[in-house]
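Let's look at this fold together, one question at a time. Have the sequence and the model open beside you.

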Amino acid sequence: MNQLLDGQPPAQPRFTEKQGQYLAFIWTYALLNGRAERDMQSFFGVTAPSVHQMVLTLELAGLIRRQPGLARSIELLVKPDSLPRLQPIEPVKSSVQRY
């Protein structure tokens, strides 16, 4: 039965912890700047292909929408209150000893 017709709210979208962090970043960053992809690379300490793959994964999961051929078009399709709190990324510890 259709959840809207039976009075039950739609189920919350399901996403992994990592996907939730990317979604939270997109939401927060879009509020401040209106774009996100390049800065996700820096924030999460990953490569551009890694960010692109996550964006594709989020889009295929129906969690975001993008407009083909339009830069900075990531749109969040989940309610912001269903997102986890964006957590700071721990800096990578260097194996080089400093004296």
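Q: Which residue follows helix 3, and what is its phi?

A: This is a predicted model, in which local features need pLDDT of at least 70, side-chain atom pairs count only at pLDDT 80 or more, and totals for chains, interfaces and linings use all residues. Residues are numbered from 1 along each chain as its sequence is written, and side-chain values use heavy atoms, with hydrogens and water left out. Helices (H or I, at least four residues) and strands (E, at least two) are DSSP runs, numbered from the N terminus. After helix 3 comes Gly62, with a positive phi near 75°.

Q: What pattern does the protein chain follow along the sequence?

A: The chain has three helices and two strands. Read in sequence order, they give α-α-α-β-β.

Q: Where on helix 3 do the buried residues fall?

A: Buried means under 20% relative accessible area, exposed over 50%, and partly exposed in between (1.4 Å probe, protein chains only). The buried residues of helix 3 are Val51, Met54, Val55 and Leu58. Seen down the axis, they fall within an arc of 100° (taken from the directions from the helix axis to the C-beta atoms), so they line one face of the helix.

Q: Which exposed residues does the face of helix 3 turned away from its buried side carry?

A: The buried residues pack against helix 1, helix 2 and strand 1 (64–65), where contact means heavy atoms within 4.5 Å. The face turned away from them carries two exposed residues, Pro49 and Leu60.

Q: At what angle do helix 2 and helix 3 pack?

A: Two packed helices are described by the angle between their axes and the distance between the axes. Here Glu37, Met40 and Gln41 of helix 2 meet Ala48, Val51, His52 and Val55 of helix 3. Axes are lines fitted to C-alpha atoms, for helices over the stretch in contact, and angles run from 0 to 180 degrees between N-to-C directions. The axes of helix 2 and helix 3 are 9 Å apart, and the angle is about 115°.

Q: Which residues is Ile26 in contact with, leaving aside its neighbours within four places in sequence?

A: Ile26 is one of the buried residues of helix 1. The buried residues of that helix pack against helix 2, helix 3, strand 1 and strand 2 (75–76). With those neighbours left aside, the partners of Ile26 are Ala36, Met40, Leu58, Ile64 and Ile74.

Q: What separates the C-alpha atoms of Glu75 and Arg65?

A: Glu75 is found in strand 2 and is partly exposed, with a relative accessible area of 35%. Beyond its neighbours within four places in sequence, Glu75 is in contact with Leu63, Ile64 and Arg65. Although Glu75 and Arg65 are ten residues apart along the chain, their C-alpha atoms are separated by 5.1 Å.
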